[in-house]
Amino acid sequence: MLASTVNYEQQEELTRKCPYCAEIIKKEATICRYCKKDLPPINVDREKTLKEANTFMASLSDSDKEKFEKYIQMTQAERRKDCFACRGEGASCAMCEATEAKLSSYIEAKNVLTAYTDK
Ligand SMILES: [Zn+2]
Ligand SMILES: [Zn+2]
């Protein structure tokens, strides 16, 4: 039989190491097929979402985070006035739109981290 055509990257996503015997097993396995021990289940989606949220947070500087914390408390109109590109004058400034998009990613990432850590 031919070996699986799944490439290495996909393989990485689908497998994990058994914490007991260190054999490579399927990520969603609940019993290790080598040592037969029960394994803590891994929610793949949850892991992926968490990883994305952490990556996003890591991409932000401390001053970015400070800024977004401030922006969460403000209305969209107030945030637009804070925009150094249009000072709230423009009807739809690209900078304002980028800020709003990044702010919602920030809020989303924060929610994910709050919901998924220490549980
Ligand atoms: Zn094992
Ligand atoms: Zn603007």
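Okay, a helix in this talk is a DSSP run of H or I with at least four residues, a strand is a run of E with at least two, and both are numbered from the N terminus. One more before we start: the expected span of a helix is 1.5 Å times one less than its number of residues.

Now, a word on the model. It is predicted, so local features need pLDDT of at least 70 and side-chain atom pairs count only at pLDDT 80 or more, while totals for chains, interfaces and linings use all residues. Residues are numbered from 1 along each chain as its sequence is written, and chains are lettered from A and ligands numbered from 1 in the order in which they are written.

Let's look at the whole chain. You get five helices and two strands, and going along the sequence they come as α-β-β-α-α-α-α. I'll call a residue buried if 20 or more other C-beta atoms lie within 10 Å of its own, exposed if 12 or fewer do, and partly exposed in between, with C-beta atoms placed from the backbone. By that count, 5% of the 119 residues are buried. Two residues are in contact if those backbone-placed C-beta atoms lie within 7 Å. Of the contacts with a separation of 6 or more, 24% are between residues 24 or more positions apart.

Next up, helix 5. It covers residues 94-116, which is 23 residues, and it reaches 33 Å from its first C-alpha to its last, close to the 33 Å expected at 1.5 Å a residue. Which residues of helix 5 are buried? They are Cys 96, Thr 99, Tyr 106 and Ala 109. Their cover includes helix 2 (44-59), helix 3 (62-72) and helix 4.

Let's stay with helix 2 and helix 5. They pack at an angle of about 130°, and their axes are 9 Å apart. Here an axis is a line fitted to C-alpha atoms, for helices over the stretch in contact, and the angle runs from 0 to 180 degrees between N-to-C directions. Under 35 degrees we say roughly parallel, over 145 roughly antiparallel, 65 to 115 roughly perpendicular, and the rest is oblique. So helix 2 and helix 5 are oblique to each other. Their crossing is left-handed, meaning the near helix is turned anticlockwise from the far one by less than a right angle (clockwise would be right-handed).

And who touches whom? On the helix 2 side we have Arg 46, Thr 49, Leu 50, Ala 53, Phe 56 and Met 57, and they meet Ser 105, Ala 109, Val 112, Leu 113 and Tyr 116 of helix 5. By class, that contact has eight nonpolar, two polar and one charged residues. For the classes, Ala, Val, Leu, Ile, Met, Phe, Trp, Tyr, Cys and Pro count as nonpolar, Asp, Glu, Lys and Arg as charged, and the others, Gly among them, as polar.

Two more residues go with this part. Ala 115 is in helix 5, and it counts as exposed because it has 12 C-beta neighbours inside 10 Å. Gln 76 sits in helix 4 (residues 76-81) and is exposed, with 11 C-beta neighbours inside 10 Å. Gln 76 is 24 residues from Glu 100 in sequence and 8.1 Å away in space, C-alpha to C-alpha.

Last stop, the loops. Ala 22 is in the loop between strand 1 (15-17) and strand 2 (24-26), and it has a positive phi of about 65° although it is not a glycine. Lys 36, also not a glycine, has a positive phi of about 65°, and its loop runs between strand 2 and helix 2. Is Lys 36 buried or exposed? Exposed, because 9 other C-beta atoms lie within 10 Å.

Cys 35 lies in the loop between strand 2 and helix 2. Setting aside neighbours within four places in sequence, Cys 35 is in contact with Cys 18, Tyr 20 and Cys 21.
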